[in-house]
Amino acid sequence: MAVHGRRRKVNVIRDTGGKSRGEPQIVHPETIAVRLRELRRCGVPVRDRHAALDALAGFTLGRLLLRHRADVSDPGSINEQQYDAGQEWAKLVYRHAIVMGYSLGSPKSPSFILVGAGLSCAQEPNEQEIIMVRRRWSDCYRALMETCKTHGLAVRDITYAVCIENRSIDLLTPADYGNLRIGLNALAKVLGTAAREGNARIR
């Protein structure tokens, strides 16, 4: 006996259990063309139109990682650990601004949206979170400034410019790439240690 009901949609994204997650987002061809031109100008390898839809292609830190994935010897790139450190630090900087009550202006990249990290701008931070955010922010700041004693304040400035202000690759110099990696390495040590301590407390 035939069972009648709503027809199963075919043009949708489904999870492993077969549940619909909505129809795929349609991006205008001209938008894709513009993004592809931007990527080529920034030295990001482009194999097909799907490169334009990669979330990493939408902001400088992500584009620098894409360069590394294409060629690990590219001096104008950053590795996975450096990318993760930059992303975590950006989230921390914006959360610190919220906790302390000052404004950094509007983030220029969707990667800086705090909701993705479980930190909503609408949340009222509790005392424990305030202490944690202030401590981690201070640890990161000290790490950057300690590095600047050897390499100069350009390390701090370019790390902030790329991670927080999303400075375009077009404006970066060979010296900027080196200083950025130095800054991200310093942050990775601090943020990696904090993550390990957090996991230890959970266990």
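Helix H3, which covers residues 80–100, contains 21 residues and reaches 30 Å from its first C-alpha to its last, close to the 30 Å expected at 1.5 Å a residue. The expected span of a helix is 1.5 Å times one less than its number of residues. The model is a predicted one, in which local features need pLDDT of at least 70 and side-chain atom pairs count only at pLDDT 80 or more, while totals for chains, interfaces and linings use all residues. Residues are numbered from 1 along each chain as its sequence is written, and side-chain values use heavy atoms, with hydrogens and water left out.

The chain as a whole holds 6 helices and 0 strands, and its elements run α-α-α-α-α-α from the N terminus on. Here helices (H or I, at least four residues) and strands (E, at least two) are DSSP runs, numbered from the N terminus. Of the 203 residues in the chain, 35% are buried; buried means under 20% relative accessible area, exposed over 50%, and partly exposed in between, with a 1.4 Å probe and protein chains only. Among the contacts in the chain with a separation of 6 or more, 53% join residues 24 or more positions apart, where contact means heavy atoms within 4.5 Å.

After H3 comes Gly101, with a positive phi near 80 degrees. Within H3, Glu88 is partly exposed at 37% relative accessibility. The C-alpha atom of Glu88 is 9.0 Å from that of Ala188, although these residues are 100 residues apart along the chain.

How do the neighbours of H3 sit against it? Helix H2 (residues 60–70) and H3 pack at an angle of about 170 degrees, with their axes 10 Å apart. Axes are lines fitted to C-alpha atoms, for helices over the stretch in contact, and angles run from 0 to 180 degrees between N-to-C directions. The two helices H2 and H3 are therefore roughly antiparallel. Leu61, Gly62, Leu65 and Arg69 of H2 make this contact with Glu80, Tyr83, Gly86 and Gln87 of H3. H3 and H5 also pack with axes 10 Å apart, but here the angle is about 80 degrees. That makes H3 roughly perpendicular to H5. By the cut-offs used, angles under 35 degrees count as roughly parallel, over 145 as roughly antiparallel, 65 to 115 as roughly perpendicular and the rest as oblique. In this second pairing, Gly86, Trp89 and Ala90 in H3 meet Thr159, Tyr160 and Cys163 in H5.

Thr159 belongs to helix H5, residues 154–163, and is buried, with a relative accessible area of 0%. Leaving aside residues up to four places away in sequence, Thr159 touches Trp89, Leu144, Ile164, Asn179, Leu180, Gly183, Leu184 and Leu187. In the loop between H5 and helix H6 (174–202) lies Asn166, which is buried at 15% relative accessibility. Asn166 has a positive phi of about 60 degrees although it is not a glycine. Most residues other than glycine have a negative phi.

Helix H4 has 25 residues, which should span 36 Å at 1.5 Å a residue, and its end C-alpha atoms agree by lying 36 Å apart. Asn126 caps the N-terminal end of H4, with a side-chain oxygen 3.2 Å from the backbone nitrogen of Gln128. Just after H4, Gly152 takes a positive phi of about 95 degrees. The buried residues of H4 are Glu129, Val133, Cys140, Ala143, Leu144, Thr147 and Cys148. Ile131, also in H4 (residues 127–151), is partly exposed at 47% relative accessibility.

Finally, the cysteines can be considered. Cys148 is buried at 8% relative accessibility, and Cys163 is buried at 0%. The structure holds 0 disulfides, a disulfide being a pair of cysteine sulfur atoms within 2.5 Å.

Notes: A polar contact is a pair of N or O atoms within 3.5 Å; within protein, one must be able to donate a hydrogen and the other to accept it, and residues adjacent in sequence count only if both atoms are side-chain atoms.
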